[in-house]
Structures are given as structure tokens and as C-alpha cells.
Amino acid sequence: MPHKKIKPAEHRKYLRLDTVFPVQFRLQTPDGKTFLSDWLQGFTNNVSHGGICLCINNFKPELFKLLKDKKAHVLLEIDIPVEIKPITAATSVIWAKDIFGDTQKHLIGLNYEQISAAKNAKLMRYAWFKKLFVPVALTIVCILVAALSINSYLNFKLTQGNKLLIERLSVVLKESDLAKQKIEEVSSSRQQLQEQLKNLAQQIKGVQTAKINLESAKEKIESQKADIEALNLKETTRLNNLIISLTKEKSLLEAQLKTVVAKENIAVQELTQLDQQKDVLEKANFDKMYRWLKIHQNNRTGLVMSFEGDKDIANWSFTYDLALLVQTYSYFKDFSRAKKILDFFAHNAKRENGWFLNAYYVNDGGPAEFVMHSGPNLWLGLAIMQYTQMSQDKSYLDLAQSIGQTIIKFQNADSQGGIRGGPNVDWYATEHNLDAYAFFNMLAKVTGKKIYAQAAQTALDWMIGHTYDRSDLPVKRGKGDATIATDTYAWSIAAVGPQKLKELGMDPDQIMQFVEENCSVEANFLKPDGQRVKIKGFDFAPQEHTARGGLVSSEWTGQMVVSYKIMAEYYAQKGDLKKAASYQEKAQFYLSQLGNMIIASSSPSGQGEGCLPYATQDYVDTGHGWMTPKGKHTGSVSGTAYTLFAYYGFNPLELK
């Protein structure tokens, strides 16, 4: 191994360490031929590239004198933790001295005469490491603490800002409602004044006619002038006074009307300004809602917890919710996030006989619920088709067709072509057959395969025969089930479409009117800040059919908003602008009501981002066999995603 010859130096700058290296040493003659001592023990905490400062305790005076007189050289074995064997070096003495006059402790300055260059470099690296470790570690800790503090502060400010954004929207929505009420009151006053003016005008006209008739009669009976002159004068005076009185009243009413019209114009301007603010705040809040859907995605599994706040199912991710997320991510061109979810189902999700489970654990992707229903599987298929259409990536089309084949096999096993709720249940739901109709239409459109078009028609024929078969009840919940379910009405519009429904002899306007009359409710909602507000929206079922009273479902209200927008577009294309405007107005009204349900995320990772609860009440019966999640302010993926669909007018049941 090469050794490096180091030139002597009387003054050397050492690297002082906080710890010591043990050093074995022995003295030898300068020519290296004779040893002058046995191996002795010392240590050093001062090293340099050219030598070390050796510290020795209880050193024999005669040996110290040899070093001080520079009549001996020193062989070294330096132990450092990173080396298995000690580092050896031959050194000469530069200086020697006692420590503060203590003759039992000595410092010897040694200069390397021979040492492996590689070993010396390693010794110096280790020395620098030891020298810098504590200050660097402390610096890193300080930086991390500072970064954590800054991050905590920024998160706090971000959370406060997000909460303030939600509060501002709530205030503007409230002011907008008050402005609308004011306009309605002023408009009512204006209409009353206009009606009074109309009546006065008719009265004045009648009096003027009576006066003309009186004067005409006076001319005809000139011969009786003397007898009736007094009577005519009295009547003429009365009529003139009445005309003057009515004219004054008319002038007063006109002045009042002018004031009312001015107030109405001001109120309309205020409402316009509030609507502009509302549009800006709604857009900002809905953007934050999308961010809430992103930040909870698990980087390893790609899954997202369905409900933030319900501790019983905090780690659960429902397949239906994941399907909504795939469509939401795809709509926002966030295809990498959508792919993470689809990769999970393509490669990692447990599947039994072609069926995916209803729910999986977020952290590891394991089964959370060993139940298989048709709806979640069909919605996963719908999600894949929407992703494929929007991204033009056909990587998951085989997975969609695999789901399709599983459902077709299930459909064909039924003598009437119906799709049951799942492989292990006996009930049939309109909802699942609507899902199948939409899914198979998408598959037929993308693949061109007739088998899917036939499967879609079979699903529609089954619904016509079993759930669209009563004139007094436009849509039944399922086969032999006359229960009213809001989503079957909204999805009939979204999946089948107004035009197709009319071709089937059904009335889409009646469908919308029926669900409005039976499922539209006004419910109290307690916001996280303690404010209690009234929300108008749609319940899962008719209010009178449940003991809990009315509640608003954010998801199902979102579904209705999507359907209102579909109806508005349908009538706009037909040129019926009045009906189109009416449906669009309803869509905007209920969308604003959903805006008033936005809450700030309660979790640290949520950073106060906006989201929607599943419903205005927690842990109550929906009326369809499941409960709303626990937690007064539990954020819901399905409620938040469908509200975004409603805002942007995206129909997940139609491929565009």
C-alpha cells in the first residue's frame, strides 16, 4: 500500500474533536532499528492531515525526555470505529510539553513520516464527520423544527383561509336569499300599485264618461233646463270633484310606483353584484373541494377513504365512491390519479367469480366488506368507460369488458333478463338496471360489439315491464317494490334521457315533477361553526315515509341538479326557451343550496379544504336499508364528487 511522506511542521493547525481516539504507541530510535519502549496507551482528540497531537497520562519521565529532546520517533496504531484494524503510522516529534504544569499529563506534537494516504484520508473524513456531526445535526434539527413550524403556520393559515372562503360563500348565499326576498316583496308591491293604478284609470274613465253623458243629456232636454239646472250643476260638480280626487290619488300612486320601481332596480343591482360574488366564491370553493378529493389519495394503494370523520369506517374505501373519483379525476384531466385507482382494480383488488367487493381498506387494499352488489361493479365499469373516452387510453378496456361479461352472464341467468342486486341476493333494483343500460350502451359505442347493445336493450325492456309500468308511479324502486327512491328518478333522466323516455311513452316532465312533489324537503343543518341554516334539497325518500323527518342528501341533490341541467339542455335544443330557463333556474337554486352545505375538512391532512357531508343528519336511516355515516361533520366522497358533477354539468351516465 502506498505511504505518504509528510514534511515536518513546527506549527500545525489541528482539528479539535469532541470525542477521542484511542492510540497505541511505542518509541523507537530515529533510524527505526531499535525499540525504546513497549506498546503504551494514549489518546488524541486533535488531528490534522500531517499529524496528531498525542495525549499521554502517567508517562515515564525518561521517555518523555527522549521525546522532548527529539531523540526518539513514535510508532502509532490509531483506532477508529470505521476501521476493523488500527491505522498505523510512523511519526517524528515536533514538540512536547506538560499540560498546565501537570507532570503526569503530557502533550506530544507528532508529524507523520509514513502513513497510508487512503488511511489518512479516511481518518480525516471520520474526524471531520465527528467534528461536524453535532453542529450539523443541530442545524438540521433546527431547520426541521423551523420547517415544521413554518409548515404548521402555513397549514394553519391555509386552513383558516379555506374556512373563511366557505364562510364568505355562506354569507353571500344568505345575502343573496335576502336580496331575492326583497325583490319579491318589492315586485309584489309594484304589482299591487300597478293594479291599483289600473283600477283608478278605469274609475276615472268611467267618471269622465258619466260626465259626458250628463252633458249630452243636458243638450237633449234643453226645454226642461229650468227644472233640472240645479240638479245638473250639483252632479257636474260632484263628478268634477271625483275626477280631481281620483287624479290626485293616481298621481300619488304613480309617485309611489316610481319609488318602488327605483327600489326594485337597486335590489336587482345588489342581487346581480351578489350573484357575481357568489359565482366567484362558488368556483373557488368547488376548486377546493376537488383538492380535498385529491389530498386523501393513498400513494401506495391509490385508494381514498370514503368518509372523513366516521371513525368506524375511517379506513374504508367503497368501490362506488372510487368509481366516482375515477370520473372526477378524469374530468379534471388528472389521469395519473385515475390510473392509480384503476391499477388497483386491475391488479390488486380481491375479486370473486368476476365480482369486485363493495369496499376495501385504504391502507393495504384488503377486503373491508365481503359483500358484492351489482351497482358498484357497474359503476366501476362506467368509470372505466369515461376514463377511456376522456384520456383515449384503452389500457383498462379489457377490465371493463370483463365486468360486462360478468353482468351479462348474470343477466342471462334470469328468465326475464333482470339484473338482481348481486349474486347472493334475491331483490331487483331499478338503479342497477339503469346502471347496466348506461354501461352497456357505452361498451357498445366504444367497441362496436352487438352483444353489449343487446344487453342494454334487455335491461331497458326489463325496466319497461317491471318498474316503468304504473301511470300513478312513474318509477318504482325495483321489481315488485313501489317504494319511492329519488335516485331512480334522477338516473332515469340521466341514463335513458328525456327523448328516449318520450319515445317509450313516458313523460320526463312528470318524472321530475313527481320527485319534486314527493322528495323535495327543507331541513335544518348545523354547520361546524354552530350556525344553524335551512337547506332545501332532496331526501333519499319521501319525508312522510320516515320517522326521522326530512333530511337533505348532498349526493342525491347533486343527481337532481344534473338531471335539471339535462332537461334544460333538452328543451333549449327543442327551442322551448321558457321551459329550458325554468329547469336551469331550478338547477342553480339547488346548486346554491348545496353550496350552503359545504363544510371545512376536519382532519389535519384536509387542511380545511371544502367538502360536503353525506346528509344534513348523521347516523339516521336513509329509508333504503343503510344509515348515513356517523359524525356531525363527516366529509363524503360521493356527496362532494356529485356536487362537482352538478356544478360542471357532467353526466356520468352518458358518454360524450
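The model is predicted: local features need pLDDT of at least 70, side-chain atom pairs count only at pLDDT 80 or more, and totals for chains, interfaces and linings use all residues. Residues are numbered from 1 along each chain as its sequence is written, and side-chain values use heavy atoms, with hydrogens and water left out.

**Overall fold**

- The protein chain has 15 helices and 17 strands; helices (H or I, at least four residues) and strands (E, at least two) are DSSP runs, numbered from the N terminus.
- Of its 656 residues, 50% count as buried, where buried means under 20% relative accessible area, exposed means over 50%, and partly exposed lies in between (1.4 Å probe, protein chains only).
- Among contacts in the protein chain with a separation of 6 or more, 67% come from residues 24 or more positions apart; contact means heavy atoms within 4.5 Å.

**Nonpolar cores**

- A nonpolar core is a set of buried Ala, Val, Leu, Ile, Met, Phe, Trp, Tyr and Cys residues joined through side-chain atoms within 4.5 Å.
- The largest nonpolar core holds 117 residues, and F345, W379, F439 and F440 touch the most other members.
- A second, separate core has 29 residues, including L27, V74, I80 and A89.
- With residues up to four places away in sequence not counted, W379 touches Y320, A323, L324, Q327, D435, W491, Y642, P652 and L653.

**L382 in helix α6**

- L382 is placed in helix α6, which covers residues 374-391.
- The relative accessible area of L382 is 0%, so L382 is buried.
- Apart from residues up to four places away in sequence, L382 touches D435, A438, F439, M442, P652 and L653.
- L382 and Q327 are 55 residues apart along the chain, and their C-alpha atoms are separated by 8.5 Å.

- Two packed helices are described by the angle between their axes and the distance between the axes.
- Axes here are lines fitted to C-alpha atoms, for helices over the stretch in contact, and angles run from 0 to 180 degrees between N-to-C directions.
- The axes of α8 (residues 430-447) and α10 (residues 486-496) come within 10 Å and cross at roughly 15°.
- That angle makes α8 roughly parallel to α10; angles under 35 degrees count as roughly parallel, over 145 as roughly antiparallel, 65 to 115 as roughly perpendicular and the rest as oblique.
- The crossing of α8 and α10 is left-handed, a term used if the near helix is turned anticlockwise from the far one by less than a right angle, with right-handed used if clockwise.
- On the α8 side, T430, E431, L434, D435, Y437 and A438 meet D487, T488, W491, S492, A495 and V496 of α10.
- The residues of this contact between α8 and α10 divide into six nonpolar, three polar and three charged; Ala, Val, Leu, Ile, Met, Phe, Trp, Tyr, Cys and Pro count as nonpolar, Asp, Glu, Lys and Arg as charged, and the others, Gly among them, as polar.

**Helix pair α13 and α15**

- Helix α13 (residues 554-573) and helix α15 (residues 637-648) have axes that come within 8 Å and cross at roughly 15°.
- Helix α13 is therefore roughly parallel to α15.
- The crossing of α13 and α15 is left-handed.
- From α13, S554, E555, G558, Q559, V561, V562 and K565 meet S638, G639, Y642, T643, F645, A646 and Y647 of α15.
- The contact of α13 with α15 comprises six nonpolar, six polar and two charged residues.
- S563 is also found in α13, and S563 is buried at a relative accessible area of 0%.
- Leaving aside neighbours within four places in sequence, S563 is in contact with A490, I493, A494 and M512.

**Positive phi outside glycine**

- Q392, a residue other than glycine, has a positive phi near 60°.
- Q392 sits in the loop between α6 and α7 (397-412) and counts as exposed at 60% relative accessibility.
- Y619 is not a glycine either, yet has a positive phi of about 50°.
- Y619 is found in the loop between β16 (610-613) and β17 (635-636) and counts as partly exposed at 45% relative accessibility.

**I244 in helix α3**

- I244 lies in helix α3, residues 225-295, and is partly exposed with a relative accessible area of 45%.
- The C-alpha atoms of I244 and I204 are separated by 9.1 Å, with the two residues 40 residues apart along the chain.
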